[in-house]
Amino acid sequence: MDRPCADELLEALGEFLEQELLPSLSDLRLRFQTLVALNALAIARREVAWGAALEEEDRQDLALLLGVEAPLHDLMGLLAQRIRNGEAPEGTFAFLKAHIARKLKVASPRYLERYR
């Protein structure tokens, strides 16, 4: 594997922003924007680490729920269509709950932990 990998680059950037740049900022607007950037980097690191695996979990669960093998985007469209038609398969709520939990694992794991 080539180094540094994407996660290592994102980690180094986050450390620079947090340890070098942030303490030197007196402008409150810039401090806030730097904190937002740090949060975005944390999300990007989780996406790099878990994104593909979580999407595959979604695809497998949804294929099982719908009884169809297809790419995730197509399966999500099919589920949406069935819901709109009033034909949501049994287990739809459980799938959607797991789907949202997987999304929160990347976007906001602290929020997810608070409500488990």
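Q: Which class does Q81 fall into: buried, exposed or partly exposed?
A: This is a predicted model, in which local features need pLDDT of at least 70, side-chain atom pairs count only at pLDDT 80 or more, and totals for chains, interfaces and linings use all residues. Residues are numbered from 1 along each chain as its sequence is written, and side-chain values use heavy atoms, with hydrogens and water left out. Buried means under 20% relative accessible area, exposed over 50%, and partly exposed in between (1.4 Å probe, protein chains only). Because the relative accessibility of Q81 is 33%, this residue counts as partly exposed.

Q: How far apart in space are Q81 and W50, C-alpha to C-alpha?
A: Q81 is found in helix α3. In sequence, 31 residues separate Q81 and W50, and in space their C-alpha atoms are apart by 28 Å.

Q: What span does helix α3 reach from its first C-alpha to its last?
A: Helices are DSSP runs (H or I, at least four residues), as are strands (E, at least two), numbered from the N terminus. The expected span is 1.5 Å times one less than the number of residues. Helix α3 covers residues 72-84, which gives 13 residues. Its reach is close to the expected value and comes to 18 Å.

Q: Which residue takes a positive phi just after α3?
A: The phi angle in question is about 75°. The residue that adopts this angle just after α3 is G86.

Q: Which residues does H99 touch, not counting those up to four places away in sequence?
A: H99 lies in helix α4, which spans residues 92-107. H99 counts as buried because its relative accessibility is 10%. With contact meaning heavy atoms within 4.5 Å, the residues touched by H99 are D58 and M76.

Q: Over the ring of which residue does the charged end of K105 sit?
A: A charge sits over a ring if NZ of Lys or CZ of Arg is within 6 Å of the ring centre and within 35 degrees of the ring normal. The charged end of K105 is 4.8 Å from the centre of the ring, which belongs to W50.

Q: What radius of gyration does the chain have?
A: The elements run α-α-α-α-α from the N terminus on, and of the 116 residues 24% count as buried. The C-alpha atoms fill a box of roughly 55 × 35 × 25 Å along the principal axes. The radius is taken over C-alpha atoms, and the globule rule is 2.2 Å times the number of residues to the power 0.38. A compact globule of 116 residues would have a value near 13 Å, but the chain has 19 Å.
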